[in-house]
Amino acid sequence: MAIHQTLKQAREQAGFTLEQAAERIGISGASFSRMENGLSKVTMDRLEMLAALYEVSASALVEGSIVTKPSTIDIDRLKLVVEAVQQVVNDLKAQPSPEKMALAVSELYRLEINHIVTNAKADFSPSRHLGVIRAMFL
């Protein structure tokens, strides 16, 4: 994917209009449009400003491999999952390997994300899957 296409994709994923992004980096909407349409080059300064604005790395924009930073919600959810797994381990007085802990955390997170995706009104609650996690440590 060409960089101008990646820039547009990143802007849209970040939720900015063309005009908003242009204003944030201090150029006109027309200049920004030319940049996104491949009609003008992207300077390193602009690339770094756009990467910061879109919360991605400059190299991701150049390579066309946009990976956004995890949101605070995602980090908070992961913290709840780790705490839930640790509580099961403590309750069972288990001494799992780091690999087994990592597997339990990732599996619990996956189960709960799948649950809230299929049940839009559900709250994030890893405790609903603790039976599965307990079974992993028995």
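Glu 36 sits in helix H3, where a helix is a DSSP run (H or I) of at least four residues, numbered from the N terminus. At 5% relative accessibility, Glu 36 counts as buried, the cut-off being under 20% relative accessible area with a 1.4 Å probe and protein chains only, against over 50% for exposed and partly exposed in between. This is a predicted model, so local features need pLDDT of at least 70 and side-chain atom pairs count only at pLDDT 80 or more, while totals for chains, interfaces and linings use all residues. Residues are numbered from 1 along each chain as its sequence is written, and side-chain values use heavy atoms, with hydrogens and water left out.

**Around Glu 36 and Tyr 54**
- Neighbours within four places in sequence aside, Glu 36 is in contact (heavy atoms within 4.5 Å) with His 4, Gln 5, Leu 7, Lys 8, Arg 11, Leu 18 and Tyr 54.

**Nonpolar cores**
- A nonpolar core here is a set of buried Ala, Val, Leu, Ile, Met, Phe, Trp, Tyr and Cys residues joined through side-chain atoms within 4.5 Å.
- The largest one has 18 residues, and those touching the most other members are Ile 25, Phe 32, Met 35, Leu 50, Leu 53, Tyr 54 and Leu 61.
- Helix H1 (3-14), H2, helix H3 (29-36) and H4 each give two or more residues to this core.
- H4 is the top contributor to this core, with five residues.
- There's also a second, separate core of 15 residues, including Val 88, Val 89, Ile 133 and Met 136.

**H1 against H4**
- The axes of H1 and H4 (lines fitted to C-alpha atoms over the stretch in contact, with angles from 0 to 180 degrees between N-to-C directions) are 9 Å apart, at an angle of about 30 degrees.
- H1 and H4 are therefore roughly parallel, the label for angles under 35 degrees; over 145 is roughly antiparallel, 65 to 115 roughly perpendicular and the rest oblique.
- On the H1 side, Ile 3, Leu 7, Ala 10, Arg 11 and Ala 14 make the contact, meeting Leu 47, Leu 50 and Tyr 54 of H4.

**H2 against H4**
- Helix H2 (residues 18-25) and helix H4 (residues 44-54) have axes that come within 10 Å and cross at roughly 120 degrees.
- That makes H2 oblique to H4.
- Ala 21, Arg 24 and Ile 25 of H2 meet Arg 46, Met 49, Leu 50, Leu 53 and Tyr 54 of H4.
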